[in-house]
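This report describes selected contacts and surface features of one protein structure. The sequence and the structure come next, and the notes follow.

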Amino acid sequence: MAFDGFVVAALAASLGETLTGGRITKISQPEADELLLTIKNYDTYKLLLSANASLPLVYLTEQGKQAPLTAPNFCMLLRKHLNSARLLRIVQPGLERALQFQIEHLDELGDKKIKWLVVEIMGKHSNVIFCDENWKILDSIKHVSSLVSSVREVLPGRTYFLPQTSEKHDPLALSGSEAAALLSGKPLPLSKAVYTTFTGFSPIMGQELCHRAGLDGDLPAAALTDEARARLSMVWDELLGRVKRSDFSPCIVKKQGEPVEFAALPLRVYGDYPEYELLSPASVSQMLEQYYQERESLNRMRQRSADLRKIVQSAYERTAKKQDLQEKQLRDTEKRENCKLYGELLMTYGYSAAPGSKSLTCTNYYTGEEITIPLDETVSATENAKRYYERYAKLKRTAEQLTVHLTHSREELAHLASIRESLEYASCEEDLAAIRRELTDFGYLKFHKTLSADAKKGRKPAKTAPLHFRTADGYDIYVGKNNYQNDELTFRFANGGDWWFHAKGVPGSHVILKTQGAEPPVSAFEAAASLAALYSAERQAEKVEIDYLERKNVKKPNGSKPGFVVYYTNYSMMARPTNAGLALLSE
């Protein structure tokens, strides 16, 4: 993800069109490094300005935020000067990651005055700075002294200036041929040379420029041919021309349903990869809000599920160690057949062993070969034979018990692996509650107060809904998010004639394709198989083998763990893990 100069340019154009001429009616500072401005311009808009070091943002939002009871000093200063002030214009200097809001207000004497509110979106150096018409700093949301920065102080009374990025050029001031000439002298990979030579370019936009020009971004910039420079020049003029015309098309890139990138222009560099899905939000503000809300939701769920992940992982590692030990012990019992053979041969040839012998060499009547049998010289050959029989019986009993325990360990590992996968699909607290309930039911969690309270009151835990997708042909596909939900979906929700899908041989969700009483088209089968691949442990693979069959042929053995099923006849197909082209109706 990159909040680069292109995104800021799109913001400047979008916000300028929406907010220019509007009046600031409310100013709040919900966080120490965040402002929320309410601007009325025909409609009412909320503009979020965040100088958070890890997540600097500027976008329009419909979500309000609770302001503190006592406003911070910076907020009070803005209220003093900017309440009922009019927004004249929004400026982006060059292609820098900064927005300058020019604001007109009336002073105490009723005279019109100009102020500047500058938002710098520069990672840990992000700031919101309030200046007068002569660019003297009145205050800032973060104070930066000379002890912190030797380049620029951001303190009241200082003159504001935008730090110049050393050895970088303004791309808006250059033609394509000039830019190509600058790049051709760089001893760097082409994509890296782009974003290290020009302001506003992020690594992904450097790759996009190379991709559109049909060039390999990893090739040295100094090795550009005349033809390559010509193609690069043409694409440069096209991209920067769109910026100058404010012709933007916001884009969000998702991989397996998770947002991974955004940009102010379509990212064609991802177009050749079917696992990526490209979305086109209506505006740059919607793009930023959607992207960061989804990322925040994913991060929040991962944080909430951290304790469950730790429990499952610990149980998995413990069971895996136990299984390894059982397999080693089972291998040790494989010599039991030798003990049985030694006992038989001693009962046959033991008479020929001299008293006090440490071994007996005789013929193995099963193979006709000679064999040497170790003996305990303190006892007779018959007693040695008896001991070998006893050891054989003991090893046989051990092997039988170990086989049972090993089967149980393998089932337990498969069960824990399926729970671990369920944690990847959890999208709400109810999903986590279902997983906690399963862990409690099988002894991995000893006590959970929420589950206990429900049990005391005689309440059944709320059932969570599966994921619901719809194909372009109108066929409904359902995906289970945990083991209990998989059982519910397969054996209670689905009809016998519906189609059931699952990734072959790996943990994953049960996927049901509803037939609606008809034979679904091939495209519906392919979509359901793609979802089964996406919601499986193999979702990072390019293609996944999927088993599918009618639901009536799927059986659940008595006493088996949640989500475990058996089937004996099925079809198979290879599918890419993706949900592209499907409408998500419910989560």
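K556 and D487 form a salt bridge through their side chains, with 3.4 Å from N to O. A salt bridge here is a side-chain nitrogen of Lys or Arg within 4 Å of a carboxyl oxygen of Asp or Glu. Because K556 sits in the loop between β19 (544-550) and β20 (571-575) and D487 in helix α13 (residues 483-493), the pair ties together parts 69 residues apart in sequence. Helices (H or I, at least four residues) and strands (E, at least two) are DSSP runs, numbered from the N terminus. K556 is partly exposed at 28% relative accessibility, while D487 is buried at 10%. Buried stands for under 20% relative accessible area, exposed for over 50%, and partly exposed for what lies in between (1.4 Å probe, protein chains only).

The model is predicted: local features need pLDDT of at least 70 and side-chain atom pairs count only at pLDDT 80 or more, whereas totals for chains, interfaces and linings use all residues. Residues are numbered from 1 along each chain as its sequence is written, and side-chain values use heavy atoms, leaving out hydrogens and water.

By the salt-bridge rule, the count comes to 27. The table lists three of these pairs.

| Salt bridge | Closest N and O atoms |
|---|---|
| D476 and R470 | 2.8 Å |
| E488 and R492 | 3.7 Å |

E488 and R492 are 4 residues apart in helix α13, so about one helical turn separates them. E488 is partly exposed at 26%, and R492 is exposed at 60%. Elsewhere, salt bridges with shared partners join R309, E421, E424 and R539 into one network.

Cysteines are the next topic. How many disulfides does a search of the whole structure find? The search finds 0, a disulfide being a pair of cysteine sulfur atoms within 2.5 Å. The sulfur of C131 has its closest cysteine sulfur in C75, 17 Å away, which is too far for a bond. C131 is buried, with a relative accessible area of 0%. C362 is also in no disulfide, the nearest cysteine sulfur being that of C339 at 15 Å. C362 is buried at 6%.

One loop remains. G94 lies in the loop between β5 (86-91) and β6 (98-106) and is partly exposed at 27% relative accessibility. G94 and P171 are 77 residues apart in sequence, and their C-alpha atoms are 7.9 Å apart in space.
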